[in-house]
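Visitor: I would like to learn how to read a protein model, one feature at a time. Where do we start?

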Amino acid sequence: MVCRALSAGVKSPLLVTLPNSRFPNAELVAALGALTPVYTPLNVREEENKQKLHQLGLLAVGDSDTSSQLEKLVSAYDASFTVCRDVGETGPERMAPPRVAEYIQGAFANGNIKVTVVDDQSVILKDFPLMAAVNRAANAVKEHQARLIRLEYVGEGETQDTFFVVGKGVTIDTGGCDLKTGGHMFGMCRDKYGSAVVGGFFKAIDVLKPKNIKAVGYMCMVRNSIGSRAYTCDEVITSRSGKRIHIYNTDAEGRLTMLDPLTLAKEEALKAKNPHLFTVATLTGHEVLSYGYYAAIMDNGPAKASGWARKVQEVGDEFGQPIEISRLHPEDFAFHLAECEQADLRQGNTKPSVATLRGHQTPAAFLQMASRIDEHGTDSAHPLKYTHIDMGGCEGDHPSVSFPNPLVTLVAGLVLPHV
Ligand SMILES: [Zn+2]
């Protein structure tokens, strides 16, 4: 309907939404759907300085309370979607790591989110050695050098929950030395969509100002380039946690990019109030084969004990952005044990995830073991909740306008209860 209005030249449409007793969020979901064709890509906005609409009117059929509440949520989601889409689907030069950092600093200027950027490559090498390995080829080009962007929000009132959200931000995934051939590199500018969801998540927080929560986000921005300094298979690299990691395939770079920032988040979580750690990533083709356009969530023991995955799955159904629950097996952990004495763990195997048994579940086990989150299980003195989210291709196919998925669900599950 909005597409038809746009093609007719309408500049200020009024969207009337109807309540539905079976679907309590029908009006919000309908309004969010209307935002998709209204999005204008960042490069077009920058070059032409124009928007498709002057304004979008919202009228919720119900009491006046519903309309103002709807407007508040749609405005927050709209701002959040824009940040997510700008970062997630814009090309690898306009959204190279340094320019993502610049964009995020601009997007959160004078707001409620504190943004800090690690741009010193010697610090990245020392504190985030696996991220530095993925960055090694790109590091030779100043415009492509890695950035770790930290976002922090402290809500009013006493903190009840603390969320740590770590996003994969590979600005273009060439595969590295295990080069993506046969056209498989096309669309890999979206390999930063995990970080894009993190940025969007914090934009929603920035607008909605939830109370009694603290949130920390890490956008791990690197380019997986191929070149003379590129990292290769057979290397053994010691992670921030002290685990020696044996590299098997340079195209399995997402887990390596997030690993050391996740370890840092774990160190912070140990001092935080009721912490829950998350990784969000377009990690595997195996997830796409398993679940199509839905994201998969995988809880560790303490997160499962809190009932998180089941709860958020319900939320996703209610907000029109369903997610699938995937479970970890003991074999997923065994799979990543090193095959030789040089290392503690192996990064993966030499095959792509789509040709690997349990290709999207084992990385969740790897991330826990390599960051030592596995030392904080339900039977430990200090359990830590951890959930890995493999987005697969849930943001939709490049180059069509992307769907900020599972952003709607994450905001609805983690933020809205505190608004
Ligand atoms: Zn890759």
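**Reading the model**

Guide: Just after helix 14, R372 takes a positive phi of about 70 degrees. Helices (H or I, at least four residues) and strands (E, at least two) are DSSP runs, numbered from the N terminus. This is a predicted model: local features need pLDDT of at least 70, side-chain atom pairs count only at pLDDT 80 or more, and totals for chains, interfaces and linings use all residues. Residues are numbered from 1 along each chain as its sequence is written, and side-chain values use heavy atoms, with hydrogens and water left out.

Visitor: How many residues of helix 14 are buried?

Guide: First, the term. Buried means under 20% relative accessible area, exposed over 50%, and partly exposed in between (1.4 Å probe, protein chains only). Helix 14 spans residues 362-371, and ten of its ten residues are buried. Among them are F366, L367 and Q368.

Visitor: What is a positive phi set against, and which other residues have one?

Guide: Most residues other than glycine have a negative phi, and most peptide bonds are trans. N110 is not a glycine, yet its phi is positive, about 60 degrees. N110 sits in the loop between helix 5 and strand 3. Its relative accessibility is 85%, so N110 counts as exposed. D234 is not a glycine either, and its phi is about 80 degrees. Look for D234 in the loop between strand 6 and strand 7 (236-238). At 60% relative accessibility, D234 counts as exposed.

Visitor: How do I read a sheet? What is the strand order?

Guide: Start with pairing: two strands pair if DSSP finds at least two bridges between them. Here, eight strands form an open sheet in the order 3-4-6-5-9-13-10-11, with mixed pairing. Strand 3 (114-118) and strand 11 (323-325) stand at the edges, each with a single partner strand, so one side of each has no neighbour in the sheet. From one strand to the next, the twist averages 20 degrees. Strand 3 pairs with strand 4 (residues 147-154) in the antiparallel sense, over five bridges. V117 has I149 in strand 4 as its bridge partner.

Visitor: Which strands does helix 5 touch?

Guide: Contact means heavy atoms within 4.5 Å. Axes are lines fitted to C-alpha atoms, for helices over the stretch in contact, and angles run from 0 to 180 degrees between N-to-C directions. Helix 5 (residues 97-107) touches strand 3, strand 4, strand 5 (161-173) and strand 6 (213-224). Its direction makes about 20 degrees with that of strand 4. Helix 9 (residues 254-269) runs at about 160 degrees to strand 5.

Visitor: What is a nonpolar core, and how many residues has the largest?

Guide: In soluble globular proteins, nonpolar side chains tend to be buried together. A nonpolar core is a set of buried Ala, Val, Leu, Ile, Met, Phe, Trp, Tyr and Cys residues joined through side-chain atoms within 4.5 Å. The largest one here has 66 residues, and I104 and M219 are among those with the most contacts inside it. Domain 1 (2-62) and domain 2 (92-418) both give residues to this core, so it lies between them. Those bounds come from an automatic or database domain assignment. A second, separate core of 38 residues includes I124, L130, L262 and F366.
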